[in-house]
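Please keep the sequence and the structure at hand while reading.

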Amino acid sequence: MSAMSNKRNEDVEMKAVGGPEFAGERETDAFIRRSSSRSAHVVAAPIAPIIDKIDHSPGASIIAYCLSSISMTVVNKYVVSGAYWNLNFFYLAVQSLVCTAAILICKQLGLFKNLAAFDSTKAKKWFPISLLLVGMIYTSTKALQFLSVPVYTIFKNLTIIVIAYGEVLWFGGSVSPMALLSFGLMVLSSVIAAWADIQAAIDGVGHSLETSDALSTLNAGYAWMGMNVFCTAAYILGMRKVIKKMNFKDYDTMFYNNLLTIPVLIVCSLVAEDWSTVNLAKNFPIETRNSLLIGMVYSGLAAIFISYCSAWCIRVTSSTTYSMVGALNKLPIAISGLVFFNAPVTFGSVSAIFLGFISGLVFTWSKVRQKAKSVGSVLPTTQPMMSASSQSNRDAANS
């Protein structure tokens, strides 16, 4: 790019000067330009195969997907973990603003070529789904605010059960015996996680608060988690019902979701949250203000990262591999809570994480077998690439 711009500048200068007396200088300049272009090509040539190799590497895509989803959960937990934090609507509004701005910038740069122009008719039809999304992401941040990352991740598995039976009722789906086994393991892991968390609060392990305060915090977290399970299921099932009628492509779902939630979140923040100077100072203390703002901006960009990495993983592997990676990814997400935050490490919490991990694997394997039986063949090795927006929204619901 720089070589081309230099060439244009030189051409303009020579046209302005003109005259045969500059013919020798033109030949010299042309030689220099050819030499520099050749040198740039020699330098860039080794890089292209490396980038292409990474782009087609299954391992790189899996690592990128796992890191993006883990970082999203860790950053969300970090932002809402302040002792006086109470601006969840504002935080989610910033996320939506950053994500929408990033999508529009990428469209201008030609990176999102399939993103259609804004359609008010589609926006009106999609708005109810966006309201469900607001409920899902708000209850998610509230649950993450009061619960540890491992407990939050384990309880998030319960959403799978509600969605599965919602599909049975509304879409004529079915639940296999292996899926039922995975549901039992999910419930068992959640019970063990809750028991271990409550016991740790009583014993004062991993909790800086008094026992009564710690227990009330956990109870609030479980209440928000229960609401999040049903809000997430309602959003996923509602989106599945509407998205086919909308004919959305690629990043359309993400674009409309974020754009339409911005005014709702801003209004909710202005109405329900305290915007006094004192409260803002408590939420953004000077010592952590910059890191909080960076985390809020990153969380908005992370939605696009997850979406891209999801599509990348499916493109270079398969949807089956992607599903298994999603199940396996629950383990490092739970472990990240033990590493980065003061989550209690007990026999019960570790057992719950392990059971939750196994239940995810069993459920994924049951879906793989069910799909294989439905097509009447062996397990598929390739699948058409799903919409990146669909994958990102599914990941957002399950992360």
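Ser323 is a residue of helix α14, which covers residues 319-328. The model is predicted, and in it Ser323 is partly exposed, with a relative accessibility of 33%. Along the chain Ser323 and Leu361 are 38 residues apart, while their C-alpha atoms are separated by 9.1 Å.

Thr346 is placed in the loop that runs between α15 (330-340) and α16 (347-375), and at 24% relative accessibility Thr346 counts as partly exposed. Between Thr346 and Ala200 there are 146 residues of separation in sequence, yet the C-alpha atoms of Thr346 and Ala200 lie 7.9 Å apart in space.

## Spans named in the record

Under "transmembrane region", an unreviewed UniProt entry lists residues 85-105, 154-172, 179-202, 222-243, 255-272 and 292-314.

## An enclosed helix

Helix α7 takes in residues 149-156, and because 8 of its 8 residues are buried, the helix is largely enclosed by the rest of the structure. The buried residues of α7 are Val149, Pro150, Val151, Tyr152, Thr153, Ile154, Phe155 and Lys156.

Since Glu167 lies in helix α8 (residues 158-171) and Arg240 in helix α10 (residues 211-246), the pair ties together parts that are 73 residues apart in sequence. Both partners are partly exposed, Glu167 with a relative accessible area of 22% and Arg240 at 32% relative accessibility.

## Aromatic rings

The count of aromatic pairs comes to 13. In one of them, the ring centres of Phe118 and Tyr256 are 5.7 Å apart and the ring planes meet at 20 degrees, an angle under 30 degrees, so the pair is stacked. Phe118 belongs to the loop between α5 (88-108) and α6 (120-146), whereas Tyr256 belongs to helix α11, and the pair therefore ties together parts that are 138 residues apart in sequence. Are these two residues buried or exposed? Phe118 is partly exposed, with a relative accessible area of 46%, while Tyr256 is buried, with a relative accessible area of 2%.

Elsewhere, ring pairs link Trp85, Phe90, Tyr91, Trp275 and Phe284 into a cluster. The ring of Tyr84 has a charge over it, since the charged end of Lys282 sits 5.5 Å from the centre of that ring.

## A nonpolar patch on the surface

Which residues form the nonpolar patch on the surface? The patch is made of Leu97, Ile266, Val267, Leu270, Val271 and Trp275, which together have about 580 Å² of accessible area. Its largest share, 4 residues, comes from helix α11 (residues 252-272), and Val267 is found in that helix.

Conventions
Residues are numbered from 1 along each chain as its sequence is written. This is a predicted model: local features need pLDDT of at least 70, side-chain atom pairs count only at pLDDT 80 or more; totals for chains, interfaces and linings use all residues. Side-chain values use heavy atoms; hydrogens and water are left out. Patches are made of residues with over 30% relative accessible area and no salt bridge: like charges are joined within 9 Å, nonpolar side chains (Val, Leu, Ile, Met, Phe, Trp, Tyr) within 5 Å. Accessible areas come from the Shrake-Rupley method with a 1.4 Å probe; for residues, only the protein chains shown count as cover. A salt bridge is a side-chain nitrogen of Lys or Arg within 4 Å of a carboxyl oxygen of Asp or Glu. Helices (H or I, at least four residues) and strands (E, at least two) are DSSP runs, numbered from the N terminus. Rings of Phe, Tyr and Trp (its six-membered ring) pair if their centres lie within 6.5 Å; planes under 30 degrees apart count as stacked, over 60 as edge-to-face and the rest as tilted. Buried means under 20% relative accessible area, exposed over 50%, partly exposed in between (1.4 Å probe, protein chains only). A charge sits over a ring if NZ of Lys or CZ of Arg is within 6 Å of the ring centre and within 35 degrees of the ring normal. UniProt positions are given in the numbering used here, feature names are shortened, and annotations may be inferred rather than shown by experiment.
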